Amino acid sequence: MSDVVIRAEGLGKKYLIGHQSNERYTALRDVLARTAKGLVRSARDMIRGRQLIQGDEVEEFWALKDVNFDVRRGDVVGIIGRNGAGKSTLLKILSRITEPSAGRVEIKGRVASLLEVGTGFHPELTGRENIFLNGAILGMSRAEIKRKFDEIVAFAEVEKFLDTPVKHYSSGMYVRLAFAVAAHLEPEILVVDEVLAVGDAEFQKKCLGKMGEVAGQGRTVLFVSHNMAAVRRLCRRAILLSRSRVFKDGGTEDIIAHYFDIMDREGSASQDEIEKRIAGFPPDPNCRLIRVQLRQEGKPPARVESAKPLEVVFEYEILQETVGFHAFFRLFDNEDSMLFESIDFAEEVEVPSVARGSYRSTAIIPANLLGARRYEIALGVAIAHKRYCTPELIRIPFDVELTGKINQCLPGYVSPGKLLPSIDWRMEQRPQS
């Protein structure tokens, strides 16, 4: 068993979630009554796994629970699961960013992590300085970093901005440099979380190629992604997390099949279940999401028709004037690759300020865009450049049925494309020469 480089035994991570009262005014008699009740309730809640801190109820939430697995030297392991399954929490523990609340993890070897855009970078330092800083953190000597320096810069394509503080980099430049540093400084274990979600297609191809090269050198790669095509290409083994536990561990194709089964089963929630999930979100000081819904012709469709526009509806309340508040959605195909994202103020000249009040935002996906297959839409609300206002995106799967006049003269033909836009064509007969 000497070739085991990562071993997790009974691994768990617990957080305390506070639930504040929504009361805006409290009379003295209410305070006295609540204090008396609190003495009794605090004892009861401690037994139930809750605490009371300064009048607010705090409930335990296990982001990971009883997680067990081994990873051997040279393994390339995909870690997959729905949003909130515990993937990122697991990688933070493995990267020693956070401590586990239960269990233990043994790691043999130097770990390089790319968990978020620019994790580990100092914003005030230049790209050049951050390369040397990250190398030093990984335990590399200055001579080793210099030997790899030109490769890192060439891969990241940031030569012109090498001596610019990285706080001025775009997100694409940031992630290119961060990935280049993590992949080139020869760690024994490379941990990558959703790097392919940022950057253009050419960069994504370079990332996959580099991770394949790292794996070919006998080093270990842990790769978290919602892109099942990338997981298939890179990983022979996958671990599926569901509800904070390891649901399945095995060959990639088998695990991906189980993943889609879970998506179908858990994603087929009724509108009432979706609203209950939203109501259970921790309160946010700026907004309260009330409802999200898909509609065609003003009502939720049993099956989405390709020839009709699809409405994506958000209902929410703004509790105080908020700069940069926005609703957004991401559309995924049946392999969980993101097709596109839409934000409700993307075409504005400047970031808007939203006044207090009740709102409905509706986005319209045009008719004759989606092919006949299964999709999933992930919806959320956020404050630009600051944070998401919901702890997870609400994912709703739906099937599209081909309707209308598309390919009417070819009965029985179904296009293999995921998108099926109605394109204008012109045919002109040219005079013979």
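Two strands count as paired when DSSP finds at least two bridges between them. Keep that in mind as you explore these close-ups of a predicted model.

**View 1. Strands E13 and E18 lie side by side in a sheet.** Strand E13, residues 310–318, pairs with E18 in the antiparallel sense, and nine bridges link the two. To find one of these bridges, look for isoleucine 318, whose partner in E18 is glycine 357.

**View 2. An open sheet is built from three strands.** Follow the order E11-E13-E18, with antiparallel pairing. E11 (287–295) and E18 (357–365) are the edge strands: each has a single partner strand, so one side of each has no neighbour in the sheet. On average, neighbouring strands here are turned by 15° against each other, ignoring direction. What holds such strands together? Strands of a sheet pair through backbone hydrogen bonds.

**View 3. Helices H3 and H4 pack against each other.** H3 covers residues 127–137 and H4 covers residues 142–156; their axes are 10 Å apart, at an angle of about 130°. This angle makes H3 oblique to H4. The crossing of H3 and H4 is right-handed.

**View 4. The largest nonpolar core gathers 52 residues.** Those with the most contacts inside this core are Ile131, Leu177, Phe179, Leu190, Met211 and Phe223. Helix H5 (residues 171–184) gives the most to the core, with ten residues.

Note on methods: Residues are numbered from 1 along each chain as its sequence is written. This is a predicted model: local features need pLDDT of at least 70, side-chain atom pairs count only at pLDDT 80 or more; totals for chains, interfaces and linings use all residues. Side-chain values use heavy atoms; hydrogens and water are left out. A nonpolar core is a set of buried Ala, Val, Leu, Ile, Met, Phe, Trp, Tyr and Cys residues joined through side-chain atoms within 4.5 Å. Buried means under 20% relative accessible area, exposed over 50%, partly exposed in between (1.4 Å probe, protein chains only). Helices (H or I, at least four residues) and strands (E, at least two) are DSSP runs, numbered from the N terminus. Axes are lines fitted to C-alpha atoms, for helices over the stretch in contact, and angles run from 0 to 180 degrees between N-to-C directions. Angles under 35 degrees count as roughly parallel, over 145 as roughly antiparallel, 65 to 115 as roughly perpendicular and the rest as oblique. A crossing is left-handed if the near helix is turned anticlockwise from the far one by less than a right angle, and right-handed if clockwise.
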